[in-house]
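Let's take a walk through this structure together. Keep the sequence and the 3D view side by side as you read.

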Amino acid sequence: MQRGYAAWARVYDWFARATASVGGVRAGCVRALDLDPGDTVVEFGCGPGVNVPALRAAVGPTGRVVGVDITGAMLDRARGLAGRRGWENVEFVRGDATDPPIRSADAVLATFVTSLFPDPYAVVSDWCDLADSVVVAAFAPRGSRPANAALSAFARLNGRLFDVDGDDPLARLDARTTAARRALADNSETLTEARYLRGTITACAGHSRPVAPGE
Ligand SMILES: C[S@@+](CC[C@H](N)C(=O)[O-])C[C@H]1O[C@@H](n2cnc3c(N)ncnc32)[C@H](O)[C@@H]1O
């Protein structure tokens, strides 16, 4: 899978940037983190860094954004972006999100990553130990029949990137997104959930401290 993401890093970067605001999922996830200026936020499976501008805006110049990804080519793209924009409070670390190279942070974000883990429950539970605020967004067939059919076709077309080769893509996505949600429910004081893109993307936020009113 790492080889797949390395080969597709350039295309993925283009696609993710072109669709970054579609459905409002990325902005919704960053809002759900409930970040304060000065916070440190870690993004696991950060890819080419599409969420980083919104994360930087939320933590401000005194905060820190740390992107972790296992694929070198993705990090090259993320570092290129940071260099071009002159970001100083952003750092990218090559590492495995299932064995985090980070011990503590204020918040953790993972978008379109947890469905790639064989045991999302264990991984997301570990993330809850290292931050009070954890937000996870992933594909799941929670929409209308046509929306789910479109998701199934999209996952099959990109089987290697979705880790659903030769499998029932919807069942796999459903099971892994449900496991990630259950980990947040079991390890947080509060859990909120939002659906995007006609129900095909589920974003869950777990908080172990009170969330500011209006969040
Ligand atoms: C579908 S992309 C999502 C990228 C980004 N989060 C986004 O929303 O655009 C999945 C990313 O997860 C990374 N990844 C997969 N397994 C990983 C792991 N065990 N640890 C860290 N990163 C991983 C891949 O290299 C890839 O960059």
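Helices (H or I, at least four residues) and strands (E, at least two) are DSSP runs, numbered from the N terminus. Residues are numbered from 1 along each chain as its sequence is written. What you see is a predicted model, where local features need pLDDT of at least 70, side-chain atom pairs count only at pLDDT 80 or more, and totals for chains, interfaces and linings use all residues.

Begin with the loop between strand 6 (190–196) and strand 7 (201–207), where you will find Leu-197. Its phi is positive, near 45 degrees, although Leu-197 is not a glycine. Most residues other than glycine have a negative phi. Leu-197 counts as partly exposed because it has 17 C-beta neighbours inside 10 Å; a residue is buried if 20 or more other C-beta atoms, placed from the backbone, lie within 10 Å of its own, exposed if 12 or fewer, and partly exposed in between.

Another positive phi, about 60 degrees, belongs to Asp-34, again not a glycine. Look for Asp-34 in the loop between helix 3 and strand 1 (40–44). Asp-34 has 20 other C-beta atoms within 10 Å, so it is buried.

Now turn to helix 3 (residues 25–32) and helix 4 (residues 52–59), whose axes come within 10 Å and cross at roughly 30 degrees. Helix 3 is therefore roughly parallel to helix 4; angles under 35 degrees count as roughly parallel, over 145 as roughly antiparallel, 65 to 115 as roughly perpendicular and the rest as oblique. Axes here are lines fitted to C-alpha atoms, for helices over the stretch in contact, with angles from 0 to 180 degrees between N-to-C directions. Arg-26, Ala-27 and Val-30 of helix 3 make the contact with Ala-54, Leu-55 and Ala-58 of helix 4, where contact requires C-beta atoms, placed from the backbone, to lie within 7 Å.

Helix 4 also holds Pro-53. With 17 C-beta neighbours inside 10 Å, Pro-53 is partly exposed. Between Pro-53 and Ala-16 there are 37 residues of separation in sequence and 13 Å in space, C-alpha to C-alpha.

Finally, which residues come nearest to the ligand? Of the 19 around it, they are Gly-45, Gly-47, Thr-71, Ala-97 and Thr-111; a residue is near a molecule or strand if its C-beta atom, placed from the backbone, lies within 6 Å of it.

Terms used:
Contact = placed C-beta atoms within 7 Å.
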